[in-house]
Amino acid sequence: MTTYAVTGATGHLGRLVVEELLSRGVPAADVVAIARTPEKAADLAERGVQVREGDYDRPDTLPSALDGVQRLLLVSGSEPGVRVPQHTAVIDAAKAAGVRRIAYTSILNADDTTNPLAGEHQATEQVLRASGLAVTLLRNGWYTENYTDRIAEYLERGEIVGAAADGKVSAAPRADFAGAAAGALLADDAAEDAADDGTGTPDGAAPVVVHELGGPAFTFAELASTISDVTGTPVAYRDLSVEAYAAELQQVGLDAGTAGFVAGIDAAIAAGDLETDSDALVRLLGRPATPLADAVRAARG
């Protein structure tokens with residue numbers, strides 16, 4: 001039997017992946033939920049899932065967390081600036097524990113994106129490629145929750161402000177990406193390798209499977225239109241230059257560095273860095289990705 005482990009198992013994405021593995025028929029005893037605070041996964045333990053302590057910042061907790069695991073989903077850390085050493089600690093422990101394959105939640109179009117969030121993902125991918133382990137890179141697009149969680153704000157203001165121009169975002173709900181991650185963990189190695197999106201490794205190296213993952217693409221203007229249609233309240237998109245958007249963000253309280261960072265993400269969207277025509281999400285998910293309008297309706301309850 002194969003044992004599957006998920007790091008960050010009490011987080012938004014990690015918990016959904018654990019639930020997806022169970023719903024796809026993996027016995028609870030064959031699922032390891034790794035959490036910094038195991039008590040938060042007590043409900044999973046009650047269902048028979050192996051709940052183990054594992055803290056990215058405490059490498060001494062990782063060997064026991066990964067003992068007996070064959071396939072691991074490494075959910076990227078949530079603290080920018082420290083993620084590369086955190087991820088490296090997990091990768092080193094996985095290699096020592098005999099893990100056969102690591103799937104990692106990276107960022108869409110990691111090879112050439114200008115997204116300011118990409119650096120740590122790119123560095124982690126390099127560590128994974130150098131590890132000698134079989135690797136699956138799950139290059140996730142944006143979660144629609146990045147926008148649907150702000151619907152009340154958009155409705156109150158009557159507008160979405162940004163600097164994305166006509167750039168499109170291939171977004172999907174977090175649950176869709178969780179389903180894809182579970183699908184990747186469960187995929188037969190030979191079939192999975194055949195589905196490589198095109199970024200392999202030299203002969204003799206451990207296989208690296210790359211999945212560019214994204215849902216139906218939309219512009220910010222289309223996002224505003226969809227919110228208007230679903231809610232019945234008009235919302236428009238107001239597009240600014242990157243510089244003007246950064247200045248406006250500072251006017252509402254962001255410091256200059258953070259404002260530039262946020263505006264830089266929109267610049268990457270304008271450049272097409274968060275758009276993909278890959279069908280990998282649908283293939284791994286086993287169903288169509290959730291349309292934007294459905295995600296907006298779900299967010300509105």
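Is the crossing of H10 and H14 left-handed or right-handed?

Good morning. This is a predicted model, in which local features need pLDDT of at least 70 and side-chain atom pairs count only at pLDDT 80 or more, while totals for chains, interfaces and linings use all residues. Residues are numbered from 1 along each chain as its sequence is written, and side-chain values use heavy atoms, with hydrogens and water left out. Helices (H or I, at least four residues) and strands (E, at least two) are DSSP runs, numbered from the N terminus.

I turn to the helix pair. Two packed helices are described by the angle between their axes and the distance between the axes. Here the axes of H10 and helix H14, residues 292-299, come within 10 Å and cross at roughly 50°. H10 is therefore oblique to H14; angles under 35 degrees count as roughly parallel, over 145 as roughly antiparallel, 65 to 115 as roughly perpendicular and the rest as oblique. To answer the opening question, the crossing of H10 and H14 is right-handed, that is, the near helix is turned clockwise from the far one by less than a right angle. On the H10 side, the contact (heavy atoms within 4.5 Å) involves Glu222, Leu223, Thr226, Ile227 and Val230. H14 contributes Leu292, Ala293, Val296 and Arg297. Six of these contact residues are nonpolar, one is polar and two are charged.

Next, the residue that leads into H10. Thr219 lies in the loop between strand E10 (217-218) and helix H10 (220-231). Thr219 is buried, at a relative accessible area of 10%; buried means under 20%, exposed over 50%, and partly exposed in between, with a 1.4 Å probe and protein chains only. Beyond its neighbours within four places in sequence, Thr219 is in contact with Asp166, Gly167 and Lys168.

In the loop between strand E7 (159-162) and strand E8 (169-170) we find Ala165. Ala165 is not a glycine, yet has a positive phi of about 50°. Its relative accessibility is 35%, so Ala165 counts as partly exposed.

Asn109 also has a positive phi, of about 55°, although it is not a glycine. Asn109 sits in the loop between strand E5 (101-107) and helix H5 (118-130), and is buried at 16% relative accessible area.

Finally, helix H1. Among its residues, Leu13, Gly14, Val17, Val18, Leu21 and Leu22 are buried. After H1 comes Gly25, with a positive phi near 95°.

Terms used:
Axes are lines fitted to C-alpha atoms, for helices over the stretch in contact, and angles run from 0 to 180 degrees between N-to-C directions. Ala, Val, Leu, Ile, Met, Phe, Trp, Tyr, Cys and Pro count as nonpolar, Asp, Glu, Lys and Arg as charged, and the others, Gly among them, as polar.
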